Amino acid sequence: MPTYEQLTELSRLRDPSTLLFGARSGAPAAGERGRREAVEHWAFLAGRDGYTVTPLDTDSGHGAATYCGDVNVDGLVYQIHRGPRRRILQTWMDSEGDWQGRFVLDDAIWAVPVPPQPEPTDCRWCADGPPDTLRMADSGLVDGIFSVWVAEHPDGTGRGIVIQQDPDDDEPNVVCFEPAHAVAAAGLRGWALSDNELALQFTQDAAGDVDILDSDGWLRFQLAVKPAARRDLRAGLEKIRKLPT
C-alpha cells in the first residue's frame, strides 16, 4: 500500500488516460499476440514514465475492436486499446518536385479507465417488484400526519407501502414505497378492498416508480390480516382521500 507521500508524488504525474504511445515498429498487430504486445508495450512505456503498472487477467472490454487487455495503474483499472488514433504528418514529393503533406491517423496504444463496479443493491422492490401478499395493515397518526401502512411481514418489515395525508399540505396524499424505494406526491388515485385482496390504483408517475404493468395503474395484493386490521385499513383509506371503493 503506497504511503501518503508516495501517492502525493504519483499525483503529480499526468492522468494515465492521457498517455498515447506509438505502437512498436514491427510488432504483431492482430490476434492474441498483437493484443498482448500492445499491453506489454504500454505498460513498459508508462512504467518508464513513473507509473506502477501491472497487467491483469480480467477482460473488461471483451468484444471491442480495439481492446487489448486490462492493466492496474497505481490501484485503478484501465483498458488498453490499439488502433488508428495518433495524428501524424504524412509527406511526399509530387511530380513537380514540391513537397506535399496531410495529417493521417497512425497506430497508437492508449488507456481508458474502467469505472468501479456499482455497489450491490439491497432494494427488494428493484430486485423482486411488489410483494404478492401483505400480512400487516394499520392506520393512525404518525408524528401528527394521518397514515395508512401495509407491509409484507406481520412485524411490519419487508416491502411495504405508506400513504400519508398531511392536513396542512395542499397535496392530496404522499405514497412511500418502503424501505427507501420511491416517494410519489399525490400518488394514490383509487382503492378497492375485499376480505382477501387489496387493490391500489396509482397515478402514472407513481406507477412508473415501481414498474406497474397494469395500464390503469392498479396494483393488487393478497391480504392476510385479521378482520380488525382489515377494518382499520378500510377506515384509514376512506379517511385519506374519501375515494369511492
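## A tour from the cavity to the pocket

Start inside the structure: the largest cavity holds about 30 Å³ of space. This is a predicted model, in which local features need pLDDT of at least 70, side-chain atom pairs count only at pLDDT 80 or more, and totals for chains, interfaces and linings use all residues. Residues are numbered from 1 along each chain as its sequence is written, and side-chain values use heavy atoms, with hydrogens and water left out.

**Stop 1: the cavity.** Select V148, V150, I161, I163, L198, L200, L233 and L237, which line the largest cavity. The elements that give two or more residues to this lining are β8 (145-151), β9 (160-165), β13 (197-202) and α5 (227-241). By class, the lining has eight nonpolar, no polar and no charged residues. Ala, Val, Leu, Ile, Met, Phe, Trp, Tyr, Cys and Pro count as nonpolar, Asp, Glu, Lys and Arg as charged, and the others, Gly among them, as polar. A cavity is a set of points, on a 1 Å grid over the protein atoms alone, where a 1.4 Å probe fits but cannot get out; a pocket is an open set with protein on both sides within 12 Å along at least five of seven lines; lining residues have an atom within 4 Å of a point. Grid points are joined across faces, edges and corners, and a volume is the space filled by probe spheres set on the points. Helices (H or I, at least four residues) and strands (E, at least two) are DSSP runs, numbered from the N terminus.

**Stop 2: the sheet.** Next select β7 to β11, an open sheet of five strands in the order β7-β8-β9-β10-β11 with antiparallel pairing. Two strands pair if DSSP finds at least two bridges between them. The edge strands, β7 (136-142) and β11 (182-185), each pair on one side only.

Walk across the sheet from β7:

- β7 and β8 are antiparallel over seven bridges, and L141 stands opposite F146 in β8.
- The two strands form a hairpin with two residues between them, and D143 in the turn has a positive phi of about 55°.
- β8 is joined to β9 by six bridges; V150 has I161 in β9 as its bridge partner.
- β9 and strand β10 (residues 174-178) run antiparallel, joined by five bridges, with G160 opposite E178 in β10.

Colour β8 by accessibility: five of its seven residues are buried, so the strand is largely enclosed by the rest of the structure. Buried means under 20% relative accessible area, exposed over 50%, and partly exposed in between (1.4 Å probe, protein chains only).

**Stop 3: Q201.** Select Q201 in strand β13. Q201 is buried, with a relative accessible area of 12%. Leaving aside neighbours within four places in sequence, Q201 is in contact (heavy atoms within 4.5 Å) with G187, L188, R189, G190, D216, G217 and W218.

Stop 4: Move to the largest pocket, with a volume of about 250 Å³. Of the 14 residues lining this pocket, E32, V39, L56, C68 and G69 are the closest to its centre. The elements that give two or more residues to the lining are α2 and β3 (67-73), and the largest share, five residues, comes from α2. The lining divides into five nonpolar, two polar and seven charged residues.

**Stop 5: R36.** Finish on R36, in helix α2 (residues 31-48). R36 is partly exposed, with a relative accessible area of 41%. Draw a C-alpha to C-alpha distance from R36 to P55: the two are 9.5 Å apart in space and 19 residues apart in sequence.
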